[in-house]
Each structure stands twice: as structure tokens, then as C-alpha cells.
Amino acid sequence: MFGHLAGRLPARSAIIGSLRDRAPVPGSDLSRLLAAVGRLPGHRRIGLGPLGPDDVTELIRREIGREPDADLAHDIHARTAGNPFYVRELSRLLNDSGGLGDGTNRIGVPSTVRDVVRDRMAGLGPEAGELLRIAALIGRDVELRLLASVAGIDVATCLELLDPLRALGMLEPTLDDPFSLRFSHDLVRESVTETMAHQQAIRLHLRIADALEDGRAGDGAHGGAGGGADDEAVPERLAHHLGAAGPLADPVRTAEAMMSAGRRATAKLAFAAADRYLLEAARIARTAGLPELELSALSLLALITFTPRRQVGYGAATFGLLERAERLARGLGRDAEAAGLLFARLFGAYTLLEGNREHMVRRLSERGEASDDPVVQVYGRQALGLHQWDVGDIGDAYRSFNVVERAIREGVGSEWDDTPFWCDISGEWPGWRAVVTALYGEVEAASAMIDSWNGPAGGNAVARWAYYMTMIASMAGDAAWVLRVADRWTAMGNGRIAVQQEHYVRLDRLWARALTGDDPAGTAEEAETRVASTLADPPRFGLAYHLALIAEMWLAAGSPERAGNALDQANRALEAHGQRYAEGLVMLMRARLLQARGEPVHVVRAAAEAASDCSRARPWWPGCPVPTIFEAARSAANWTGQSPSRPDGEPCQRSGQASSSPPQACSSMP
């Protein structure tokens, strides 16, 4: 009929038809029709491919009557591969179920789509149907050798059984890999998985996991059962299939696979995925009554939680897991690991300025004093050093960190080098020691420590190097030094590698720009915005200190009123959260503010002397209770009328100068 009409159309008329040129392929009658119509002079054939992202978004909008969320449109496009029928049906299902507001909410398969897929599967033989179900559980991309191995057949037989699936357009060969196939649409694959009984699915998941492990042990890229698979993705895939196998899989095997997947996800900076794997590993181990395995999972979770590279690391849920892990470690008699977990918990308390951090310090310190284990002793001494730094007792902090340094140099903990929490000592503590050394007055020595420990070689190293260097340079009042370091950090292109440290580097750079005359008001405004968004809510380490730096920026901008506001905030932060290491700088900026407001010299001098008295209330070094690095670096003599001096009348050393006698400082910072 179509051919008859096409050859006899009257003028100014057209006949339009649509057809599938694949899945199934045209039969002989249709092929003859196409050949006949193709010889007609007015014939046009238009190929219709899948819809692109913009067209999918428009079709969703027409179906639901409003603009869809961008993530939702992306998700629908990925699941449907742009098939208009699937896009329409999935949009309707999401709209009817109220799932549109959830963005990427992944609900089930629309019944209309599932019916179409089941209709196509109805004509398959049992072997081809089994192969299709295995392939659907493997994933969107299917390795031929893995599929054959799970099915228990050779590759040649597998290829024969795949012919009807290819003819139906359900599985197609990939263009760039002859050893793999791909589902035409992920929604088709999901529809196939929904046709399986639960017990059948979990048995197949276990067979897939077995084949993946066998393939990983095979020889060559395509030599094992999992040949053709992305070897780097195997840990995550293995964890998925063992987890889906549920009670059929050995819980030890599943938990260990989850931990391996967590490590792999961490290496890719996929921290949310790593959290999910490790939490599931801990849950499986706890349910199976395996405390050592649960402890291993929780310890690894804590390790990645506190990495400086992640944007959001920890909170109440993470702290609860750390506390459980510490109890597990102590119950198993693993005192050093328990101390490491408690130290990680303390690290979080300092980062988020929790009010109970002194209690944790006391617990760690007492354990260190009571223990014969040198690792536990070092954790206790390090915790004490952080506390001394926090409250402004720089002399004691300086001595505590040097005790730690001697212990590390003498090889304490060498047998712990590969355990999760030893990195807290061998990793970050040299930076803390360098900052305390700078606050103690030995600025050049502190700079050399950072360079020798973690020079700007690349990756995370340059981020840590810049973090500690800009901290030390800002404390020393050296804006040019801060800019040199920040420029090196920016040039290395690693501004997003250590996200938590990035905020501090950027704040210090803004301070340096303001003090060197680069738009002081604009940079101060930007710094206030950044502090409000990254340090103030929730409050984080360094809040009072950076508010004092902002006050100095506003003074450089000639805005005493804004400087006073910043100092008021700094005082409130000191009262609420402690961290008295910054108190000397806050009081010095208050004296500078009085000077900027034109107060009499004796009033300014009294404020500066109050800052010195604050320092004298804390013993920095026997016989020399003197002003801080902040006061020395910011040339207190220029605006108080006198130089800071020791009780014996000798002037105290300014920051950055070499001296054979112990240099002086007056306030601190972790």
C-alpha cells in the first residue's frame, strides 16, 4: 500500500512513514519497499538519532509543564541515551511520583518501558535470556570474557547466543573494544534486572564477583575471565557485587572488598563514595561480630576523613565513629591505635574549636604518662603541645614539640609507618612545630623546617608548604614573603588539592595584598566574606587570628571603624573559643586602632603595654617574659615610643634575626 501510494501521489502532497532500520533489522518485504521508494524523484530519507541534552531538557519541560532541574535532565539523558519514548515515560513517572524536586532522584523503571523490554525478551531462548540477565547485572558496559565466564560457557558459544540480543538492539558491540558490549540504554538494562527474582539476582552477583577475582588473577589484559575490564575499577565493582550478594558472600571477603574500594575511591578524591564503602564495611563487620575488621574499616574512614584534600570532612557523625573505633581498639588491647584514634578525634576538635578539647588532651596526656609504649607517649606529648599552643604557652609548646621531634628522630614508631594514624605524627606535626618555632622567635629556622620537610615539589606537598609558610610569614608581618609563597602555590596549579588549607592560604594572601597597597579596602571586604563563609560558621581554627589580620587590613585601608568591628569579633571569638595564641595580635591591633583614631600617646602606650603584660602573664622562657613575634614584627617601637626589652635591660630579638640566645615570642597558633 505504501509503495503504491508513493508512486501515484498528486501534486503538492506528501506521504510520510517511519521505520526502524535496526533492532530488528528490516525484513525482505520492507527492504524491497525501501528500494522501490528510493528510486522515486521526490524521495527523501531522514535519519533520526537520539536526542541531545538540550532536546531531552525541552521534551521533559513539555511533559511536566515547567523547566526541569539541570541534574534531573542530565540523569534522564544518561538513563535513556536520548530515546524519546524513554524520556517521555520516565518524565511522566517522575512527575506522577513527585520525584522531580529531588534532582537526580533515581526511581524505578516506568511500567510502559518495562512492558516493551519484556515483550522483546519473550522470544529469547533460555540460554540467551540467562546471558542477558547476567549482562544486566554486570553493568551498562559488559566485557565479553567476563560474561562468558559467569555463564560458564566459552567465548565462541557466548558470541552465538548474543546474536539475537544484538538483533533486538539490546546489547551492541562497542566501537573501540572488540572484547566488550554495551546496553543501548541504561533503562533497558534496569528493566532486565527488574525481571529477576531476588534469589536469582544475588546468586548471579556472587558468580560475577567470583569471575572478577578470577579475572584479576589471570594473565594479560584479556587473559582472565575479567579480560577487558578496567583494572582500576575492579575494586569498586567487586565491592558492589559482593555487597549485592548479601548473605551468600563471606562477610570477611565483602568487608575487605569494601575497604579496598574505599581506598581506591580516596585515591581518586571521590570522598563521598569512599565514605559509603567504608561505612558499609564497618556495618558488615559489626553485624558479623568481627571487631578487628570493623576497627580497620573505621580507622581507614577516619584517616580519609581528616585528609586536607576534602572539602567537608567531619562532624558529629564522624566523631561518633571515631569514638566507637577508639573503644574497639582499647578493648582489643591495641593501645597505640587507640591513642591514634583519640588523637584524630582531638584534631577534629581543634579544627572545629570544640569546647571539650582540653578534656581530650588530658586523656591523651595521662595515657602517655602511664604507658610504656613510646608511640602512646609521643601522642600524649603531641596533644599537650597542641594544647599549650592553643592557650598561648609558646615556650612549653616549643619544648613539647621538640621532645616529639627527638623521639621521631630516634626511630620511635618506625614499625607504625604504614598504619593509619602514625601519619598524624610523621605527616603534620613538623608543620605545627615550625609554626610554634616561629612564634618562639626563630622565624628563619621555622622556614627552613618547612622547606626541608615538605618543600614545594608538587601535588599536596605544595599545598601544605604554602599553608605553613604563609601562616608563619603573616605572623612575622612579612607581606612580601606571603605573596612570594602564594604566587608559587598558584603557579603550581594546586589550589584545589588541599581544600581545607586553601582557605587559609587565600586569606593570608589577601592580607598581604592589603598591606602592600593592593586595594586594601577591597581585599579586606573580600577577606571578611571569606572568613564568614569558611571559618565563622561553624567556627574553625584560626578564627580570632584572621579577624585580627582583617583589622590590620582595614587600618591599612584607613578605615578605623571597620577595623574596630573586626577586633570586636576577634574578642568575641577569643572568649567563645579560646585559642589565646592570637590574643597578643588582637591587643596590638587594638593599640594601633587607638593610634589611628588620634588618641593621646599615653593611651596608645598603655594599650601596647597591656599587650606586653598579657605576654608576661605566660612564661615563654625563664627570665625573659617579653612581647610577641607579632609586636616585634610590626615595629612596636615606632608607635609606642620604646623598644620591648628583657628584664635585664637587653633588647629582645626581633623576628627573623639570628641569635645564640633563646629568641622571644608572645602568643601562638596551631
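Strand 1 (residues 141-143) pairs with strand 3 (residues 180-183) through three bridges, in the antiparallel sense. Everything here describes a predicted model. Two residue pairs show how these strands line up. Asp 141 has Arg 182 as its bridge partner in strand 3. Glu 143 stands opposite Ser 180 of strand 3.

Strand 3 has another partner. Strand 2 (residues 171-173) runs antiparallel to strand 3, and three bridges join them. Here Pro 173 stands opposite Leu 181 in strand 3. The link between strand 2 and strand 3 is a hairpin of six residues.

The three strands form an open sheet in the order 1-3-2, with antiparallel pairing. Strand 1 and strand 2 stand at the edges with a single partner strand each, so one side of each has no neighbour in the sheet.

Helix 8 (residues 144-151) touches strand 1 and strand 3. The direction of helix 8 makes about 70 degrees with that of strand 1. Helix 9 (residues 155-167) touches strand 2 and strand 3. Its direction makes about 105 degrees with that of strand 2.

Now step back to the whole chain. The protein chain holds 32 helices and three strands. It has 670 residues, and 50% of them count as buried. Consider the contacts in the chain with a separation of 6 or more: residues 24 or more positions apart account for 65% of these.

Next come the helix pairs. Two packed helices are described by the angle between their axes and the distance between the axes. Start with helix 4 (residues 70-80) and helix 10 (residues 186-193). Their axes come within 5 Å and cross at roughly 70 degrees. Angles of 65 to 115 degrees count as roughly perpendicular, and helix 4 and helix 10 are therefore roughly perpendicular to each other. Helix 4 brings Ala 78, Arg 79 and Thr 80 to the contact, and helix 10 brings Asp 186, Leu 187 and Glu 190. By class, this contact of helix 4 with helix 10 has two nonpolar, one polar and three charged residues.

Helix 17 (residues 335-351) and helix 19 (residues 374-391) make another pair. Their axes come within 9 Å and cross at roughly 15 degrees. Angles under 35 degrees count as roughly parallel, so helix 17 and helix 19 are roughly parallel to each other. The crossing of helix 17 and helix 19 is left-handed. Residues of helix 17 in this contact include Ala 339, Gly 340, Phe 343 and Leu 346. Those of helix 19 include Tyr 379, Gln 382, Ala 383 and Leu 386. By class, the contact of helix 17 with helix 19 has 10 nonpolar, three polar and two charged residues.

Stay with Gln 382 for a moment. Gln 382 sits in helix 19 and is buried, with a relative accessible area of 0%. Gln 382 and Phe 401 are 19 residues apart in sequence, and their C-alpha atoms are 6.4 Å apart in space. A further pair spans 29 residues along the chain: the C-alpha atoms of Ala 407 and Val 378 are separated by 7.3 Å. Ala 407 is in helix 20 (residues 394-409). Ala 407 counts as buried at 13% relative accessibility.

The last stop is the backbone. Most residues other than glycine have a negative phi, and most peptide bonds are trans.

Asp 519 is not a glycine, yet it has a positive phi of about 50 degrees. Asp 519 lies in the loop between helix 25 (499-515) and helix 26. With 43% relative accessibility, Asp 519 counts as partly exposed.

Asp 537 and Pro 538 are joined by a cis peptide bond, with omega about 0 degrees. Pro 538 lies in the loop between helix 26 (520-534) and helix 27 (543-556).

Gln 579 also has a positive phi, near 55 degrees, in a residue other than glycine. The loop between helix 28 (560-577) and helix 29 (583-596) holds Gln 579. Gln 579 is buried, with a relative accessible area of 4%.

Definitions and conventions: Residues numbered from 1 in each chain as written. Predicted model: local features only at pLDDT ≥ 70, side-chain atom pairs only at ≥ 80, totals over all residues. Heavy atoms only, no water. Pairing = 2+ DSSP bridges. Helix = DSSP H or I, 4+ residues; strand = E, 2+ residues; numbered from the N terminus. Contact = heavy atoms within 4.5 Å. Axes fitted to C-alpha atoms, helices over the stretch in contact; angles between N-to-C directions. Parallel < 35°, antiparallel > 145°, perpendicular 65-115°, else oblique. Left-handed = near helix turned anticlockwise from the far one by under 90°. Nonpolar A, V, L, I, M, F, W, Y, C, P; charged D, E, K, R; others polar. Buried < 20%, exposed > 50% of the residue type's maximum accessible area, 1.4 Å probe, protein only.
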